Amino acid sequence: MNDQHPLAELAQRIGRLRPDWQNPERFFEARSEIAAELRRIAYQQSSAPVHKYSPVFAPMTRYDVK
């Protein structure tokens with residue numbers, strides 16, 4: 001049984017995430033699974049709905065950095 005905090009486990013999965021040249025789709029599938037899990041955790045912690053196009057998940061640009 002995994003007693004690790006879900007975010008710590010996701011951080012480890014992200015750290016191990018590498019392209020697979022034999023099966024390129026595997027990388028994108030793993031990335032999508034991690035993103036979905038992060039969205040699920042964010043939704044549980046928030047009363048507002050969170051989805052992949054939410055500003056919470058919007059990538060930062062150089063104009064966002066002050």
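**Figure 1. Overview of the predicted model.** The protein chain has 2 helices and 0 strands. The model shown here and in the following views is predicted. Helix α1 spans residues 6–16, and helix α2 spans residues 24–45. Of the 66 residues in the protein chain, 9% are buried. The accessible surface of the chain amounts to about 6000 Å². Carbon and sulfur atoms account for 57% of that surface. The structure contains 3 salt bridges, and the aromatic pairs number 1.

Figure 2. Leu10 belongs to helix α1. The relative accessible area of Leu10 is 1%, below the 20% limit, so the residue is classed as buried. Leaving aside residues up to four places away in sequence, Leu10 touches Ile34, Glu37, Leu38 and Ile41. One of these residues, Glu37, lies in helix α2. Leu10 and Glu37 are 27 residues apart in sequence, and their C-alpha atoms are 8.2 Å apart in space.

**Figure 3. Close-up of the salt bridge between Arg40 and Glu37.** The side chains of Arg40 and Glu37 form a salt bridge with an N to O distance of 2.3 Å. A polar contact of 2.3 Å also joins these two side chains. Both residues are in helix α2, 3 residues apart, which means that about one helical turn separates them. Arg40 has a relative accessibility of 36% and counts as partly exposed. Glu37 is likewise partly exposed, at 24%. Besides the salt bridge with Arg40, Glu37 is in contact with Leu10, a residue of helix α1.

**Figure 4. Close-up of the salt bridge between Arg13 and Glu9.** Side chains of opposite charge can pair when their charged atoms come close. In this view the side chains of Arg13 and Glu9 meet in a salt bridge, with N and O 3.8 Å apart. The two residues lie in helix α1, 4 residues apart, or about one turn of the helix. Arg13 is partly exposed, its relative accessible area being 23%.

**Figure 5. Close-up of the salt bridge between Asp20 and Arg26.** Asp20 and Arg26 form a salt bridge in which the closest N and O atoms are 2.6 Å apart. The relative accessibility of Asp20 is 19%, which is under 20%, so Asp20 counts as buried. Arg26, at 47%, counts as partly exposed.

**Figure 6. Close-up of the aromatic pair Phe27 and Phe28.** The count of aromatic pairs comes to 1. The ring centres of Phe27 and Phe28 are 5.1 Å apart and the ring planes meet at 85 degrees; because this angle is over 60 degrees, the pair is edge-to-face. Phe28 has a relative accessible area of 45% and is partly exposed.

**Figure 7. Close-up of a nonpolar surface patch.** Leu7, Ile14 and Leu38 make up a nonpolar surface patch of about 240 Å². One of the three, Ile14, lies in helix α1. The relative accessibility of Ile14 is 45%, and the residue counts as partly exposed. Leu38, which belongs to the patch, is also among the residues that Leu10 touches.

Figure 8. Gln4 is located in the segment before α1. Its relative accessibility of 32% places Gln4 in the partly exposed class. With residues up to four places away in sequence left out, Gln4 touches Glu9 and Gln12. Glu9 is in helix α1, where its side chain also meets that of Arg13 in a salt bridge.

Notes: Residues are numbered from 1 along each chain as its sequence is written. This is a predicted model: local features need pLDDT of at least 70, side-chain atom pairs count only at pLDDT 80 or more; totals for chains, interfaces and linings use all residues. Side-chain values use heavy atoms; hydrogens and water are left out. Rings of Phe, Tyr and Trp (its six-membered ring) pair if their centres lie within 6.5 Å; planes under 30 degrees apart count as stacked, over 60 as edge-to-face and the rest as tilted. Buried means under 20% relative accessible area, exposed over 50%, partly exposed in between (1.4 Å probe, protein chains only). A salt bridge is a side-chain nitrogen of Lys or Arg within 4 Å of a carboxyl oxygen of Asp or Glu. A polar contact is a pair of N or O atoms within 3.5 Å; within protein, one must be able to donate a hydrogen and the other to accept it, and residues adjacent in sequence count only if both atoms are side-chain atoms. Patches are made of residues with over 30% relative accessible area and no salt bridge: like charges are joined within 9 Å, nonpolar side chains (Val, Leu, Ile, Met, Phe, Trp, Tyr) within 5 Å. Accessible areas come from the Shrake-Rupley method with a 1.4 Å probe; for residues, only the protein chains shown count as cover. Contact means heavy atoms within 4.5 Å.
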